[in-house]
Amino acid sequence: MSLVRTLDRPFIIFLMTEIVNLSISQSATSELSRQSSFGGSPREMSIDLVEDKNCSEGWMHIKLRPGTCNGSPISRTEGVTLYADLKKFNLLRDLKLDYYGDLSGGGFLISTPKNAKRCSCGSGFKLLEN
């Protein structure tokens, strides 16, 4: 009986991870941890996709905030849990989150799946029609 209880939780998390399959690089994990601590919600960050209002072509950009923002967990890497709205799971599928930093600043970058086009800014994408 204890074996069933032990396997119950990882199985549910595995299914949710399978749906989204969002991966986070080591540098992005470090920055997410830093920003979540600074934002008062250690090790919890929320990712959202915001449609670009200046453009009618369907471009979406990522928005990261500390906390869960009433979302569901989609990824957990080195103690940092990333949350998203259930309605956005399909849009986040197969994305890769990375972070770059240099003397002039830094920012998060998105690597897109095969059926998407990446924005020149690096933090946005547009899904292509099949």
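## Confidence and model

Confidence in the protein is lowest in helix 1 (residues 2-20), at a mean of 42, and highest in helix 2 (residues 26-38), at 93. These scores are pLDDT, the predictor's confidence in each residue, from 0 to 100. The average for the protein is 78, and 82% of the residues score at least 70. Over residues 1-18 pLDDT stays under 50, and for them the model has four contacts beyond four places in sequence. A contact means heavy atoms within 4.5 Å.

This is a predicted model, in which local features need pLDDT of at least 70 and side-chain atom pairs count only at pLDDT 80 or more, while totals for chains, interfaces and linings use all residues. Residues are numbered from 1 along each chain as its sequence is written, and side-chain values use heavy atoms, with hydrogens and water left out.

## Overall layout

The protein has three helices and nine strands. Both are DSSP runs numbered from the N terminus: helices are H or I with at least four residues, and strands are E with at least two. From the N terminus on, the order is α-β-α-β-β-β-β-α-β-β-β-β. Among contacts between residues at least 6 apart in sequence, 47% join residues at least 24 apart.

Of the 130 residues, 33% are buried. Buried means under 20% relative accessible area, exposed means over 50%, and partly exposed lies in between (1.4 Å probe, protein chains only).

In soluble globular proteins, nonpolar side chains tend to be buried together. The largest nonpolar core here has 23 residues, and Ile74, Leu82, Leu92 and Leu97 have the most contacts inside it. Two or more residues each come from helix 2, strand 2 (44-51), strand 3 (60-66), strand 5 (80-84), helix 3 (89-92) and strand 7 (105-111). Such a core is a set of buried Ala, Val, Leu, Ile, Met, Phe, Trp, Tyr and Cys residues joined through side-chain atoms within 4.5 Å.

Beyond its neighbours within four places in sequence, Leu97 has contacts that include Ala28, Leu32, Ile62, Leu82 and Phe108.

## Aromatic pairs

The whole structure holds two aromatic pairs. The ring centres of Tyr99 and Tyr100 are 6.4 Å apart with planes at 25°, so this pair is stacked. Tyr99 and Phe108 have ring centres 5.0 Å apart and planes at 65°, so they are edge-to-face. Rings of Phe, Tyr and Trp (its six-membered ring) pair if their centres lie within 6.5 Å; planes under 30 degrees apart count as stacked, over 60 as edge-to-face and the rest as tilted.

Tyr99, Tyr100 and Phe108 form one aromatic cluster. Phe108 is buried at 12% relative accessibility, whereas Tyr100 is partly exposed at 40%.

## Salt bridges

Three salt bridges are found in the whole structure. Each is a side-chain nitrogen of Lys or Arg within 4 Å of a carboxyl oxygen of Asp or Glu. Glu31 pairs with Arg34, with the closest N and O atoms 2.7 Å apart. They are three residues apart in helix 2, or about one helical turn. Glu31 is buried at 8%, and Arg34 is partly exposed at 49%.

Asp48 pairs with Arg65, the closest N and O atoms being 4.0 Å apart. Asp48 lies in strand 2 and Arg65 in strand 3, so the pair ties together parts 17 residues apart in sequence. Asp48 also meets Lys88 at 3.0 Å, N to O. Lys88 sits in the loop between strand 5 and helix 3, 40 residues from Asp48. Through shared partners, Asp48, Arg65 and Lys88 are joined into one network.
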